[in-house]
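Welcome! Let's take a walk through this model together, beginning with a single contact and widening the view from there.

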Amino acid sequence: MITEITAQDLNTGQFIEEQTEEIKSIVGNGRAINALSGGVDSSTVTLLGHRALGEKLRTVFIENGLMREGEPEWVVKLFHTLGVKVELVDARKEFLSALEGLTDPEEKREAITQTFYKNVFGRLVRESGAKHLLQGTILTDVDETVAGIKRQHNVFEQLGIDPQKAFGYKIIEPLIQLRKDGVRRVGKGLGLPEELFARIPFPGPALCARVIGAVTPERIETVRRATAIVERMLQGSRAFQYMAILHEDRVTGMREGKRDFGQQIEIRCWESVDARTATPTRLPFDTLETLAREIIQGVPGIVSVTYNIAPKPPSTIEAV
Ligand code: XMP
């Protein structure tokens, strides 16, 4: 059982001190490695790990081909200004070929898990001699995985999987007692800039979680373009999270007087405190209309744009 630390009960300074000491004592004179995606959790863990381990921690950004527009370069640069060196590892081919032919949500998640932990990390860990992987799993990830709702890509021990046996290294999870609101406070306490600690959540499986059905480079590019529009338009909304989702089925549309059997984008925008429950934001209709117009104009092949109005539960935040 993991004991939850709620954001209200969290003493940020004490938490940072304790976790820093804990990481130091586990890693000792060894080396550790961590993957930074630029999300709130992995950014917070990166700073915590560097505070504890300094040069003994190697931080990599895995370019899996599923990231948002300009994300890898933006994250590497931003951490550079924070004094943290981040290596960019190009693993696009590996991820895209592992996803080829898969349409089932859990199979896609499993393919990403295996590629990330076994192949890409297995190799990096062997090369670097690291014995530990530091990662930003939070309590909500564990809850939903254990409940069998959604297998979060980063949960193992609670499912009876020993990472040491399965992948050859140990995993350290300093944020596991926290939820998103607590992590933001720790990130802030560690000196993360607001553009990182206040960032909307983004899932580990990245844009793969936003493509219903087959994941191809073309379909990822479609959702990537729609995501950029939705994020730009809704960044002032103060919502918990917002996203674009590419649907699997096509619908009949028309363009220049001709039939266009096109693709559909669903927009979601959520009010939530900790992602356990969520309700759709009451966006002004004008905003929705502008979003639809920009997506139709800016994303080739889209003939339908919808807005989700069902709460979580029974929806979940991501569609996949
Ligand atoms: P759901 O879709 O389960 O999402 O309601 C709850 C929160 O978790 C994020 N999410 C994930 N994060 N790995 C992650 O690191 C995952 O596999 C994953 N799936 C969902 C989601 O964006 C939301 O904030």
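Start at the ligand: one of its oxygen atoms is 2.7 Å from a polar backbone atom of Ile 317. Keep in mind as you look around that this model is predicted. Of the ligand's surface, how much does the protein bury? Taken alone, the ligand exposes 490 Å², and 94% of that is buried by the protein.

Side chains reach the ligand too. Glu 318 places a polar side-chain atom 2.5 Å from an oxygen atom of the ligand. Arg 109 also takes part, with a polar side-chain atom lying 2.6 Å from a ligand oxygen.

Now step back and look at the whole surrounding shell. How many residues surround the ligand? There are 15, and the closest of them are Arg 109, Glu 144, Lys 150, Lys 312 and Glu 318.

Finally, zoom out to the chain itself. Two domains are assigned here: domain 1 covers residues 12–197, while domain 2 covers 211–307. Where these domains meet, 17 residues from domain 1 and 18 residues from domain 2 form the contact.

Note on methods:
Residues numbered from 1 in each chain as written. Predicted model: local features only at pLDDT ≥ 70, side-chain atom pairs only at ≥ 80, totals over all residues. Heavy atoms only, no water. Near = heavy atom within 4 Å. Polar contact = N/O pair within 3.5 Å; in protein donor to acceptor, adjacent residues only side chain to side chain. Areas by Shrake-Rupley, 256 points an atom, 1.4 Å probe, with all protein chains shown as cover. Domains from an automatic or database assignment. Contact = heavy atoms within 4.5 Å.
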